[in-house]
Amino acid sequence: MKTIYSAIQPSGIMTLGNYIGAVNNWRAMQSDAGNKCIFALADLHTITVRQRPEDLLKNSWSFYALLLAVGIDVSKSIVYMQSHVHQHSELAWLLNCYTYVGEMNRMTQFKDKSAKHSDNINMGLMDYPVLMAADILLYDTDLVPVGYDQLQHIEITRDIALRVNNIYGDVFKVPEGFIPKVGAKIMSLQDPESKMSKSDPNPNAVISCLDAPEVIMKKFKRAVTDSDTVIAYDPDNKAGISNLLRILAVTEGKSVEETVKSCEGLRYGDLKVRVGESVVEMLRPFQSEYARLINSMDYLAVCAKEGALKASDIAEKTLARFKSAIGFAAK
Ligand code: TYM
């Protein structure tokens, strides 16, 4: 049995990048009977950037409903909110004492976010990867399916786990990252040199999984490409077209090569319409299931509660193992 663990921050919107880079693989991995899957809403991570309480609350349930709507199945996977399982915060403190400030200072996301939120470079922002390491290590995780931008955090998780194991023996399982062959980094539709990001102030750059069909079509039609006319997969010289081809490959379930072949002779405008329609059709059933679930708050609350109970059972055992290895007295 392999343990699969991943999480998403319930802030802003769930983007097409989140779906293609991560959540789509969560669902695929959950269908393998040899996998035990655990997925969290990383709400503790969201407060490293200031959140309005009413938005955080609304987004938490909205993301929870959306995960179920895209097919994450609570009868197969554990789906819970990180803040419901107090062991995450406790393990993060312990791991802090085995993590160097210099390591955290070098994290790309910390440097980017510090530049973006220079008025609020709080300790949590710097400590973010340690909390993420706690998330992963609590569940004796084998594989962590994520997009490309999270790989550095998984590397540091491995470093911390190995460091602890070197001191105390085999306390933690050392996890590995898993990124999809296609779609590990979906780019902005307006600036295809940078990642599609939920915090992008330009709404045309980002597809939300809950965007209406006409909005999705409009955004794809406006997608930035290049001044050439030939459709080819060439991320260095044709970043915009290559991004559209990657999105199409995933939504049509084909390889990039097959996708390029099937687009031979199309004009850029035709490609944009085809990608837009393909994304609309992929999201359509998710959106109607979401509309049903978001009005079933009692059901969502029961699912989240059960998920938290199951998660904390596992988490408590790992935490107790580490505390005993450190030398804390038993209760
Ligand atoms: P978050 O919420 O930023 O993103 C959730 C997942 O979506 C992936 N992703 C993308 N993939 C491809 N293209 C994109 N443009 C794109 N944008 C986002 C991310 O790589 C991620 O897999 N720190 C994490 C949440 C987290 C976590 C964890 C993940 C907390 N604890 C433990 C794994 C394990 C984050 O902020 O993801």
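Good morning. A residue is called buried under 20% relative accessible area, exposed over 50%, and partly exposed in between, using a 1.4 Å probe and the protein chains only. By that rule threonine 99 is buried, because its relative accessible area is 12%.

The structure is a predicted model, in which local features need pLDDT of at least 70 and side-chain atom pairs count only at pLDDT 80 or more, while totals for chains, interfaces and linings use all residues. Residues are numbered from 1 along each chain as its sequence is written, and side-chain values use heavy atoms, with hydrogens and water left out.

Let me stay with threonine 99. This residue is found in the loop between helix H4 (87-96) and helix H5 (101-105); helices (H or I, at least four residues) and strands (E, at least two) are DSSP runs, numbered from the N terminus. Its side chain reaches the backbone oxygen of leucine 95 at 2.8 Å. Such a polar contact is a pair of N or O atoms within 3.5 Å; within protein, one must be able to donate a hydrogen and the other to accept it, and residues adjacent in sequence count only if both atoms are side-chain atoms. Beyond its neighbours within four places in sequence, threonine 99 is in contact with Met104, Val130, Ile160 and Arg163, where contact means heavy atoms within 4.5 Å.

I turn now to serine 188. Where does serine 188 lie? Its place is the loop between strand E5 (176-178) and helix H9 (213-221). Serine 188 is buried, with a relative accessible area of 2%. Its side chain has a polar atom 3.0 Å from the backbone nitrogen of glutamine 190, and the side chain also reaches the backbone nitrogen of aspartate 191 at 2.8 Å. Leaving out residues up to four places away in sequence, serine 188 touches Ser194, Lys195, Met196, Asp200, Ala205 and Asn243.

Next, the ligand. Which of the 27 residues around the ligand come nearest? They are Gln9, Tyr128, Asp135, Asp149 and Ile186, a residue being near if one of its heavy atoms lies within 4 Å. The shell divides into 13 nonpolar, nine polar and five charged residues. Here Ala, Val, Leu, Ile, Met, Phe, Trp, Tyr, Cys and Pro count as nonpolar, Asp, Glu, Lys and Arg as charged, and the others, Gly among them, as polar. The side chain of aspartate 149 places an N or O atom 2.4 Å from an oxygen atom of the ligand. For glutamine 150, a polar side-chain atom lies 3.2 Å from a nitrogen atom of the ligand.

Finally, the aromatic rings. Rings of Phe, Tyr and Trp (its six-membered ring) pair if their centres lie within 6.5 Å; planes under 30 degrees apart count as stacked, over 60 as edge-to-face and the rest as tilted. The count by this rule is nine aromatic pairs. One of them, tyrosine 5 with tyrosine 139, is stacked, at 5.1 Å centre to centre and 10 degrees between the planes. Tyrosine 5 lies in strand E1 and tyrosine 139 in the loop between H7 and strand E4 (143-145), so the pair ties together parts that are 134 residues apart in sequence. Tryptophan 61 and tyrosine 64 form an edge-to-face pair, 6.1 Å centre to centre with 65 degrees between the planes. Tyr98, Tyr168, Phe172 and Phe322 form one aromatic cluster. Thank you.
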